[in-house]
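Have a look at the fold before reading on.

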Amino acid sequence: MNKLLFAGLLLALPLSLAAAPQSVNVPLPAPSAPPSVAPTAAAAFAQLDPAQQRQRRSDYAAWRALPEGERERIRQAAARFAALPADQQQRLRAQFQAQDQAFREGWRLGPQLGAEFPKLHGLFGFVPPQQRDAVLAVLRQLSPSQLAQLALVAQRTPPQERDSVRSAFLTVPAAERDTWLKRQAGQ
């Protein structure tokens, strides 16, 4: 992926996380409107259809699940994005929306995992619901080099072996992950 597209996707991430405080798409009152007349966020939320409300709740849950460091990176990217000219913002939004749905959803995991998600998708794209929190906790503990090695493992694992490889990876103690990853990646 070229650097411009990656930067655009990183900048577009806050737009996909509509629950992030700086990107909530709720109509704001006019600056001169008295507070008693201004619609509240709850009233604006109530005006959304049920599917939009579910999406907002899901977005907010994804935002809250991110470590604070990842949320801060997103806030900084959102500030950089907001400083761009409107036409460039629109172009980046269009590029992001043109991506596959699974790819866009991967960015909900934050900048670090979102960047690797297309490569990790084979092993971690369809985790049983009861394992999701544990899987995310382990993935967030990995260093960038460990994520890169895990991406190699994910790409080399045949579909019929994914569940067993994922289970084996999750049972490896943190102190032994480097060795396991290197062995599995063939390094």
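## A buried charge without a partner

Let's start with Arg177, which is buried (under 20% relative accessible area; exposed is over 50%, partly exposed in between, with a 1.4 Å probe and protein chains only) and yet has no salt bridge. A salt bridge here is a side-chain nitrogen of Lys or Arg within 4 Å of a carboxyl oxygen of Asp or Glu. The nearest side chain of opposite charge belongs to Asp178, 8.7 Å away; Lys and Arg count as positive and Asp and Glu as negative, while His and the chain ends are not counted.

A quick word on the ground rules: this is a predicted model, where local features need pLDDT of at least 70 and side-chain atom pairs count only at pLDDT 80 or more, while totals for chains, interfaces and linings use all residues. Residues are numbered from 1 along each chain as its sequence is written, and side-chain values use heavy atoms, with hydrogens and water left out.

## What surrounds Arg177

Arg177 sits in helix α11, residues 177-185. Helices (H or I, at least four residues) and strands (E, at least two) are DSSP runs, numbered from the N terminus. What does the side chain of Arg177 make a polar contact with? It is the side chain of Gln141, at 3.0 Å. A polar contact is a pair of N or O atoms within 3.5 Å; within protein, one must be able to donate a hydrogen and the other to accept it, and residues adjacent in sequence count only if both atoms are side-chain atoms.

Setting aside neighbours within four places in sequence, Arg177 is in contact (heavy atoms within 4.5 Å) with Val138, Gln141, Leu142, Gln146, Phe169 and Val172.

## The nonpolar core

Phe169 turns up again in the largest nonpolar core, which has 22 residues. Such a core is a set of buried Ala, Val, Leu, Ile, Met, Phe, Trp, Tyr and Cys residues joined through side-chain atoms within 4.5 Å. Helices α7 (111-124), α8 (132-141), α9 (144-156), α10 (162-171) and α11 each give two or more residues to this core.

Leu123, Phe124, Leu139, Leu150 and Phe169 have the most contacts inside the core. Leaving out neighbours within four places in sequence, Leu139 is in contact with Leu113, Phe124, Leu147, Leu150 and Phe169.

## Aromatic pairs

How many aromatic pairs does a search of the whole structure find? Three. Rings of Phe, Tyr and Trp (its six-membered ring) pair if their centres lie within 6.5 Å; planes under 30 degrees apart count as stacked, over 60 as edge-to-face and the rest as tilted. The rings of Phe124 and Phe169 are 6.1 Å apart at their centres with planes at 70°, so this pair is edge-to-face. Because Phe124 is in helix α7 and Phe169 in helix α10, the pair ties together parts 45 residues apart in sequence.

## Salt bridges

Arg177 may lack a salt bridge, but a search of the whole structure finds seven. Asp163 and Arg166, for instance, form one with the closest N and O atoms 2.7 Å apart. Both lie in helix α10, three residues apart, about one turn of the helix. Asp163 is exposed, at 51% relative accessible area, whereas Arg166 is buried, at 5%.

In helix α4 (residues 68-82), Glu72 and Arg75 are also three residues apart, and their side chains meet in a salt bridge (3.3 Å, N to O). Glu68, Arg71, Glu72 and Arg75 are linked in a network of salt bridges.
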